[in-house]
Amino acid sequence: MPFLSRRSRAAVLAAASAALVAATLPADPVPLGIGDPLFPHLGNPGYDVLAYDIGLTYKGRNDEPLDAVTTIDARTTEPLDRINLDFTRGTVRSVAVNGLRAGFETAGEDLVVRPTGRIPAGVPLRITVRHTSDPTGEQDSGGWVRTADGLAMANQADAGHRVFPSNDHPADKAYFTFRVTAPNDRTVVANGVPTGRSRNGESTTWTYRTEHPMATELAQVSIGDSTVVRRTGPHGLPVRDVVPTADRDRVETWLKRTPAQLEWMERQVGRYPFENYGVLVADTETGFELETQTLSLFEKRLFTDTRFPAWYVESVMVHELAHQWFGDSVSPQSWSDLWLNEGHATWYEARYTEDHMDAPLEARMRNAYIRSDTWRAAGGPPARPAAPKPGQKISLFRPVVYDGSALVLYALRQEIGHDAFGRLERLWVHKHRDSNAATADFVRLASQVAGRDLTAFFDGWLYGTKTPPMPGHPDWRSTAPAAS
């Protein structure tokens with residue numbers, strides 16, 4: 001070959017290297033996932049997110065996109081030529097990886113980032129995405145929720161990435177910082193504790209940080225004409241409620257009950273696991289309430305519509321509070337473990353109702369047993385739920401994961417006794433605090449506490465198409481599902 005200068009040889013080698021890398025990559029970007037059976041494209045392999053820093057600028061209208069900057073600090077777990085993030089419903093303006101501008105494309109609901117070179121395993125990764133965050137999509141698909149005076153978030157189960165780029169699966173929990181700029185006449189509250197507020201002309205920037213890791217589906221930012229009402233819970237726990245200013249007095253009769261509800265829950269399972277708690281009252285209609293971490297989301301009408309009986313309102317409050325232990329502090333490893341979230345929250349909702357409102361738990365569980373076979377036929381068994389209907393992700397939240405899963409806990413208490421069950425519950429939330437746990441972990445721990453192998457017991461109750469006989473109640477019968 002003809003002689004080449006050092007600079008020419010370097011250029012040839014660089015071109016050859018680039019061609020080799022290109023030849024090993026897929027021709028087109030593809031959406032990835034971590035193998036969740038219910039949401040196959042949710043989450044992404046190759047990295048572990050440590051922290052999110054999310055900057056949002058709200059200009060005063062909830063029908064136009066917010067300017068946003070999301071910075072993700074992570075660590076690679078394998079060599080990466082491309083980095084997939086979950087993100088949709090926003091315009092990406094630029095992406096940088098470790099300070100260097102990167103290319104990007106979209107594939108399905110993934111943002112596929114092309115760094116300048118291959119990134120080895122085990123190294124720090126900082127991804128900065130400048131984008132918009134659009135609240136104008138369909139309300140029932142999750143993400144931003146438009147309220148009468150601003151915005152809130154409802155990201156469960158797979159809608160966090162409709163607000164910000166992320167690894168949007170509860171198996172990858174991380175710390176969060178929110179920096180939200182809004183007009184001076186709006187109040188901003190987010191998960192965690194306030195760490196700063198600065199005014200600049202006609203706008204104010206509010207900063208919040210979480211003190212515990214959090215799943216993306218539990219992120220919460222409220223922007224509105226709101227008042228923050230402060231009170232104190234057990235052990236001096238800060239309790240802050242965020243309410244529409246015009247409705248502060250109307251909802252106070254309910255929200256002042258939160259400290260006593262916290263005390264009751266602590267008597268059941270131990271100390272509250274986070275830095276603060278509170279209720280976010282949103283003037284909107286979602287059709288559900290949501291256990292966003294440290295700041296549970298509630299529709300205003302739950303507290304103002306007199307058609308809701310008092311026992312129902314308070315039981316819903318306790319349901320979302322119980323999730324702070326079950327689902328938020330101890331998060332599911334996969335979405336098939338949802339029964340551990342909703343079953344436990346329903347269990348403590350029912351227990352609270354029994355203790356305070358003369359509604360016997362056994363009667364509710366017997367009623368659930370009667371319907372259990374029908375629920376299993378319609379939605380799958382508790383720990384193997386059927387996938388949600390296309391375009392209706394909220395359909396994953398069906399009776400079998402609520403009362404049908406609380407029924408599993410009732411059967412377990414019948415099987416191992418009240419004392420052992422109580423020890424199991426406390427040990428579960430202590431052992432897995434700030435982490436993820438799967439159904440197999442619960443079965444293993446229950447067996448340890450009981451002093452015997454409960455695998456066969458759980459196989460029937462969690463995976464069977466038919467409801468097993470109820471321990472202690474041989475006369476209980478489940479109605480056969482109607483023929484389709």
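Modeller: A residue is called buried when its relative accessible area is under 20%. The model discussed here is predicted. By that cut-off, buried residues make up 56% of the 484 residues in the chain.

Colleague: Why is His169 called buried?

Modeller: The relative accessibility of His169 is 2%, and buried means under 20%, so His169 counts as buried. His169 sits in the loop between strand 9 (150-154) and strand 10 (175-183).

Colleague: Which residues does His169 touch, not counting residues up to four places away in sequence?

Modeller: Among them are Ile34, Asp36, Leu42 and Gly43, and also Thr216, Gln333, Ser334 and Trp335. A contact here requires heavy atoms within 4.5 Å.

Colleague: Why does Ala383 count as buried?

Modeller: Ala383 has 8% relative accessibility, which is under the 20% cut-off, and therefore counts as buried. Its place is in the loop between helix 7 (361-379) and helix 8 (403-416). Leaving aside neighbours within four places in sequence, Ala383 is in contact with Ser336, Trp339, Thr439, Leu462 and Tyr463.

Colleague: How far apart are Ala383 and Tyr463 in sequence and in space?

Modeller: Ala383 and Tyr463 are 80 residues apart in sequence, and their C-alpha atoms are 6.0 Å apart in space. For the chain, take the contacts between residues at least 6 apart in sequence: 69% of these join residues at least 24 apart.

Colleague: What makes Phe326 buried, and where is its place in the chain?

Modeller: Phe326 has a relative accessible area of 1%; buried means under 20%, so Phe326 is buried. This residue lies in the loop between helix 5 (310-323) and strand 19 (330-332). Residues up to four places away in sequence aside, Phe326 touches Val269, Leu340, Asn341, His344, Tyr348, Glu425, Trp428 and Val429. Phe326 and Asp28, which are 298 residues apart in sequence, are 40 Å apart from C-alpha to C-alpha.

Colleague: How do you know that strand 11 and strand 14 pair?

Modeller: Pairing requires at least two bridges between two strands. Strand 11 (residues 187-190) and strand 14 have 4 bridges and pair in the antiparallel sense. Within this pairing, Val189 has Ser222 of strand 14 as its bridge partner. From strand 14 (residues 221-224), Val221 and Ile223 point one way, Ser222 and Gly224 point the other way, and all are buried.

Colleague: Do strand 17 and strand 18 run parallel or antiparallel, and how many bridges join them?

Modeller: Strand 17 and strand 18 (residues 296-299) run parallel and are joined by 4 bridges. Leu280 has Leu297 in strand 18 as its bridge partner. Leu280 and Ala282 point one way from strand 17 (residues 279-282), Val279 and Val281 point the other way, and all are buried.

Technical notes:
Residues numbered from 1 in each chain as written. Predicted model: local features only at pLDDT ≥ 70, side-chain atom pairs only at ≥ 80, totals over all residues. Heavy atoms only, no water. Buried < 20%, exposed > 50% of the residue type's maximum accessible area, 1.4 Å probe, protein only. Helix = DSSP H or I, 4+ residues; strand = E, 2+ residues; numbered from the N terminus.
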